[in-house]
Amino acid sequence: MPRFRLTLLVSAVTIAVAGAGVVVAAPPASAATDSTQISAKRNVGSVAIPITDMSPRGNGGQFTWSVQLDDGTDFGYDPCLNPSETFVASCPLGVPGYFRVHRWSAGSVSEFTPQITIPNSSSTGVGTQNHQWANKTQGARVEIRPYGSGGTYDPWTQTSGGVHLSAFGVNASGVGPDLGTIYLPVQGNANAGRLGGAIVSSTPVLDGRVKIEAFQEHSVYDNYPLQTTSTGFEEGGFADLSSKGSAWTTGWMFTGQYHLFITDTKSTPTTADDVKIQAIEVMLGDTDRAIDLDAPCFGLDECAYDIPAPYSPVLPTGRYHPVTPSRIMDTRDGTGRVFGFPGKIVQGDGESPGEPNNITRLFNQWNHEAKVTGVGGVPALGVSAVVLNVTVTEPTNNSFVSVYPKPPRTWLYGDQTSFGPSTLPNASNLNFVAGQTIPNLVVARVGVGGKVRIKSNTGAAHVIFDVVGWYDTGGGGGDGFTGVTPARLMDTRAAFAVGPYTTPFGPGTDRTLNVTGGDVPTDATAVVLNVTGLGAAENTFLTVYPDGVGKPGVSNLNFGFAQTTPNLVMVRVGAGGRIRLFNNSGPAHAIVDVVGYYRATGGGAFRSTAQPTRILDSRFAVGTGASGTTPFAAADTRTLQVGGAAGVPSNAKAVIMNVTVTSPTAASHLTVFPEGVTMPTASNLNFVPNQTVANLVMVKLGPSGAVRLFNNSGAVHVIADIAGYIT
């Protein structure tokens, strides 16, 4: 059981009263490892800590205490919670366990006179152990569980809840502080509520699968003052429970901030596959907090892993769910930001090691993260990854941006300063120059709290997220992906005309395009397209969306005069197998190449990698299948082995890569296509001399698990980072 401690509370409910200058709590100092190393502080036969009464006494209950010895540190040493303790057998409730249990009834007050007694020796199954804990102790830590009408502790049905408290300050005579009357949280009281909600998983959630303990704490700002006993000792709400089916509840607890221990036992006899986290949650009256067993940290935000450690989740396999494009974050106007605050994403990743000012730390955290579940048509639970069209605009410097899952903390009270450099990707999603507006499609694995983080390499820039779909965690439903050999569906340039249009899009022009037929079946639910905008007379953008719905207020491509800009687009198929393309300003040409489709039956499921993995970099000896460290020459075609490399299984059907070109010597284009087919008339990236351009590429793998990369003109370096694959 944790002691009350000051913690940095980073939930939105506290920032309004936050003061500057609060230092982040450090991990507790190392304590003694065995009670044999602790000197006696007194010479008595036993220690007694009085309790006057319990209110309400109700149907009775029990309290359990654990010995806290004085080892010279602030936190002391608890032998009963240390499995390697020499005298741990003296703790009768198991290893690790508690020292004593006392049960009270609804009857006489005399049973509390006193009832916490700590001796110097204990009779155990291995004989009498002379541990001398009474002479070494500084106090006890107590957990109280009231009984319900059935004579047992059951937070699901009881009208009062449990508490925990610390009784420190044993004097030289062996007498501890008088705790007086201890008050329990009661249903109907203004300062009481319950914390609980649904439990979801792609595997069955049987009774008792999830174990939860909840301990009330101070918040760092004392927004939630603790209840006290009649003699002024602080006490906090407490619960320990097992789930029932797909639900959990703590029962009645005092309003405040709670430290949660949550274990997914997976309903197996062994503990080898248990997953255990710690989390901080605020309970203000009845509070719904769902647990998603497939999500990092079970979907909770302020969290750290106990088991496994370090964090190494099994990455879920999921199918795709398209949504009508929706804007979920825009730093220009504060959409999707905490309290709606606008402002550019600044340099860095949001960590603030050594920063003592809590306001600065909170700003850095919020400035570099975004909530991507429960918004824009994406559900709050059961989501493994989201598909975002990410746009950078008004950057102050030549730079790049990376989007990656928000990681858990390395220790619970370290806020964002504890993430560590190992959690950061070594890949970028967008590369840009000062003043440029540029988009790229990003498949972002969801991190803790349903959030992603944003790293900006240098300078500051506005960032926009438009969500177009999401992948589930394998619980059923969703659509599978099938890759095709890239094929051109539309080119509005008269000299290269393909499809129904041979003239550029005019300003405000909205056109339909049939995307089914041929390699794309009529029952496809969504298509994956590489869309290129070019030949614009002025700055403009293209919006791609399903036919039959209102035009969304989002963009897929932003490009300007004389620019050629491609972007991967995943779009739900609309009425009659059609999509729509809207051009905002001035005449502009558009090219559309199809690379794959989704449908409800058949197709493969998506699996993300833990972090983007670099598989090719022609500047350095990285990856496989693309020999040498020389740039791609004109008309150069190289083979890149993907299946069986960089964490992609040999039986993968397709791969999702962020492909970047840099240092080109001429205007050119790059085509990525499956090994074993004739190079298609399609392109994935278009660029001009000295430009660095990135684009997400979703490509079917050839028979041996390889793809081919073709550069049309000049020399250029090529970089490829694996973001996921289709099985």
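1. The side chain of Asn686 makes a polar contact, at 3.3 Å, with the side chain of Ser683. A polar contact is a pair of N or O atoms within 3.5 Å; within protein, one must be able to donate a hydrogen and the other to accept it, and residues adjacent in sequence count only if both atoms are side-chain atoms. Asn686 sits in strand β43, residues 685-687. Strands (E, at least two residues) and helices (H or I, at least four) are DSSP runs, numbered from the N terminus. Asn686 is buried, because its relative accessible area is 13%. Buried means under 20% relative accessible area, exposed over 50%, and partly exposed in between (1.4 Å probe, protein chains only).

2. A word on the model. It is predicted: local features need pLDDT of at least 70, side-chain atom pairs count only at pLDDT 80 or more, and totals for chains, interfaces and linings use all residues. Residues are numbered from 1 along each chain as its sequence is written, and side-chain values use heavy atoms, with hydrogens and water left out.

3. Now Ser618. This residue lies in the loop between β38 and β39 (622-623). Ser618 counts as buried because its relative accessible area is 2%. Its side chain makes a polar contact with the side chain of His717, at 2.7 Å. Look also at Gly174: 444 residues separate Ser618 and Gly174 along the chain, and their C-alpha atoms are 74 Å apart.

4. Next, the aromatic rings. A search of the whole structure finds 16 aromatic pairs. One of them joins Phe215 and Phe238; this pair is tilted, with 5.3 Å centre to centre and 40° between the planes. Phe215 is in strand β12 (residues 210-217) and Phe238 in strand β14 (residues 234-242), so the pair links distant parts of the chain, 23 residues apart. Rings of Phe, Tyr and Trp (its six-membered ring) pair if their centres lie within 6.5 Å; planes under 30 degrees apart count as stacked, over 60 as edge-to-face and the rest as tilted. Phe238 counts as buried because its relative accessibility is 1%. Phe215 is buried too, with a relative accessible area of 2%.

5. Phe215 also pairs with Phe261. This pair is edge-to-face, at 5.9 Å centre to centre and 90° between the planes. Phe261 lies in strand β16 (residues 256-264) and Phe215 in β12, so the pair ties together parts 46 residues apart in sequence. Both Phe215 and Phe261 are buried.

6. Elsewhere, five rings group together. Tyr320, Tyr471, Phe481, Tyr598 and Phe606 form one aromatic cluster.

7. Arg100 lies over the face of Phe99, 4.2 Å from the ring centre. The charged end of Arg638 sits over the ring of Phe632, at 4.1 Å from its centre. A charge sits over a ring if NZ of Lys or CZ of Arg is within 6 Å of the ring centre and within 35 degrees of the ring normal.

8. A cavity is a set of points, on a 1 Å grid over the protein atoms alone, where a 1.4 Å probe fits but cannot get out; lining residues have an atom within 4 Å of a point. The largest cavity holds about 170 Å³ of space. Such a volume is the space filled by probe spheres set on the points, with grid points joined across faces, edges and corners.

9. Which residues line the largest cavity? There are 21, and Val403, Val443, Gln611, Pro612 and Ala723 lie nearest its centre. The elements giving two or more residues to this lining are β25 (399-405), β27 (438-445), β38 (606-617) and β46 (717-726). β38 gives the most, with five residues. The lining divides into twelve nonpolar, seven polar and two charged residues. Here Ala, Val, Leu, Ile, Met, Phe, Trp, Tyr, Cys and Pro count as nonpolar, Asp, Glu, Lys and Arg as charged, and the others, Gly among them, as polar.

10. Two cis peptide bonds deserve a look. The bond from Ser55 to Pro56 is cis, with omega near 0°. Pro56 is in the loop between β2 (53-55) and β3 (61-69). The bond from Ile307 to Pro308 is also cis, with omega near -10°. Pro308 is in the loop between β20 (303-307) and β21 (317-318).

11. Last, the backbone angle phi. Glu394 is not a glycine, yet its phi is positive, near 55°. Glu394 is in the loop between β24 (383-393) and β25. Glu394 counts as partly exposed because its relative accessibility is 43%. Ala635 has a positive phi of about 60°. Ala635 is in the loop between β39 and β40 (636-641). At 53% relative accessibility, Ala635 counts as exposed.

Note on methods:
On a 1 Å grid over the protein atoms alone, a cavity is a set of points where a 1.4 Å probe fits but cannot get out, and a pocket is an open set with protein on both sides within 12 Å along at least five of seven lines; lining residues have an atom within 4 Å of a point.
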